Amino acid sequence: MKSSPIAQVQQQQGGVASAGDSPAEHLPAFLLSSLFILLGVAAIAWFALAVYHNPAIRQVIDWTPVDGEQPPSLILAFLVEFGIVLPILVLGLGLALIGLGYRLRSRRLTVARWALVALIWLTAGAVFMILYSVITIVPDWLSVEGPSPNLAPLLVPLLLAIPLGLALLWLRRNIERAFFGQEMLSSHETRLAWNLLIPTLTVFVLVAARPLEQTFIRSLTDKRFAGQEVPAFVGLQNYQNLLGIRLDVVPCRIDDDTGECIRRTDGSLRWQSIDREALQEGYRTVWNVRLPAMGGEVRSLAISGVDADFIRAIGTTLIFTVASVSLELLIGLFIAMTVNSNFAGRGIMRAVMLVPWAIPTVISARLWELMLKDTSAGIINRILMDLNLIDMPQAWLSDAALQLPMAIAVDVWKTSPFMALLLLAGLQTIPKELYEAADVDGASRVRQFFAITLPLLSPTIVVALVFRTLDALRVFDLFNVMFGRQQLTMATYNYEVLVNNQQDGYASAISIIIFVLISMFALVYVRMLSRETG
């Protein structure tokens, strides 16, 4: 007996199954629906148990009151251990699985295909957990004297993978027979997009979002590095100490005998200290910028900070970034245009120019440290003295005035070939016909450079600037090898605070500031790139 037209339309749209379906045909869909609901409930329950049995959470729950000691914060302990992203993901995944299981009872084909996607990724996750557990357990099995391995981490994903794999195999074979309706093209494209996005989102959460979130949460506490105690919440105090800056106008120090400004041995002026109240609040002068004289009084703008070392590190990093990236761009452009022209030995020249960039930064910094020795044994001092350019050895790495220029010179020597390589790739994309037409029109080489080369090379220049600026802003190894604590950048100061001072919360605040600063530069460059390519 044929079904009515209304029933056929309902069957095509996935509304209901036909009236002749037997309970046996509903049973697989019901079991599959129950599996998804059970998985969603199990995910939420597993996370709740993990939170309850976490040592830091238990330490807060079982805390015994002590006179004069503030009770630890349960919310802060939860945020430090689990953050915000992970609970949202687990709760969202559990609710999504429960909702998907409930919708499967309608036996719609579109819902079944989404369930198939979910089973594929859940099974892949279970298999990955099995492989990870095996890799972790194998060393214990191979150890003769070690304790017997704990098989619980292996059994849990194994017991999870078996029903998921069986459900996946059944659904792939019976999806057209057990479910009804037609799928719209938009639904298929949406599902394909999610299939492509899930690996990317997983890597993003594990590699970027989760660590960044944990770093930000720790920056709001006084957590000690490798400490087991629950940290105290300090709010934005770490950021206030790091970014606390004030500006004061101070006069120079006057010599009572001469009435003139006192000068140091290097000829620089000595300035008065800032107000006593500011000194008691922790402010220390970082720089003095001389102001134009008014009424014969010599004055300066005193830039002070609560954490003077970090403010100085910001200035050092910015000066290093601007100077090194600008020089590398100019030198790299010159090298790229040179090797892009036709001359004998061009191939060998392209290979040789990459040698400085191929040397690891730590090794190149150590080599330059040896060449820049303060004595006449240093190669640089010896060459300059032989050429009668200097009379005595220079303290290149000990003199504070020469340290930053030397760091810029070493970085320019090492990284200019990388900049040249990127720019050379951009030069080779410019059509030769444009230069031939310009030659016919009588344009000079300089005119061709500004009218053809520079405009067409602008997107490549922006991309090269992005790479080099982001690297320069987080420079660490070069300064750490050559100067240690004598000349600090933001990254090396972060290392000092974290490792030497054991201040994890304070170091996390420094990391967030570095991240924000780098993001600002990246956004500016992205806007420039979009304007160039638009």
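Does Arg474 count as buried, exposed or partly exposed, and at what relative accessibility? Arg474 counts as partly exposed, at 48% relative accessibility. The classes are buried (under 20% relative accessible area), exposed (over 50%) and partly exposed in between, with a 1.4 Å probe and protein chains only.

This is a predicted model: local features need pLDDT of at least 70, side-chain atom pairs count only at pLDDT 80 or more, and totals for chains, interfaces and linings use all residues. Residues are numbered from 1 along each chain as its sequence is written, and side-chain values use heavy atoms, with hydrogens and water left out.

The structure holds 13 salt bridges. A salt bridge is a side-chain nitrogen of Lys or Arg within 4 Å of a carboxyl oxygen of Asp or Glu. Three of these pairs are listed here.

| Salt bridge | N to O distance |
|---|---|
| Arg210 – Glu213 | 3.0 Å |
| Asp386 – Arg382 | 3.6 Å |
| Asp471 – Arg474 | 2.6 Å |

Arg210 and Glu213 sit in helix H8 (residues 185–219), 3 residues apart, about one turn of the helix. Both are buried. Helices are DSSP runs of H or I with at least four residues, strands are E runs of at least two, and numbering starts from the N terminus.

Asp386 and Arg382 share helix H15 (residues 379–386), 4 residues apart, again about one turn. Asp386 is exposed, at 51% relative accessible area. Arg382 is partly exposed, at 36%.

Asp471, the partner of Arg474, is partly exposed at 33%. Both belong to a salt-bridge network that also links Glu328, Asp411 and Arg468.
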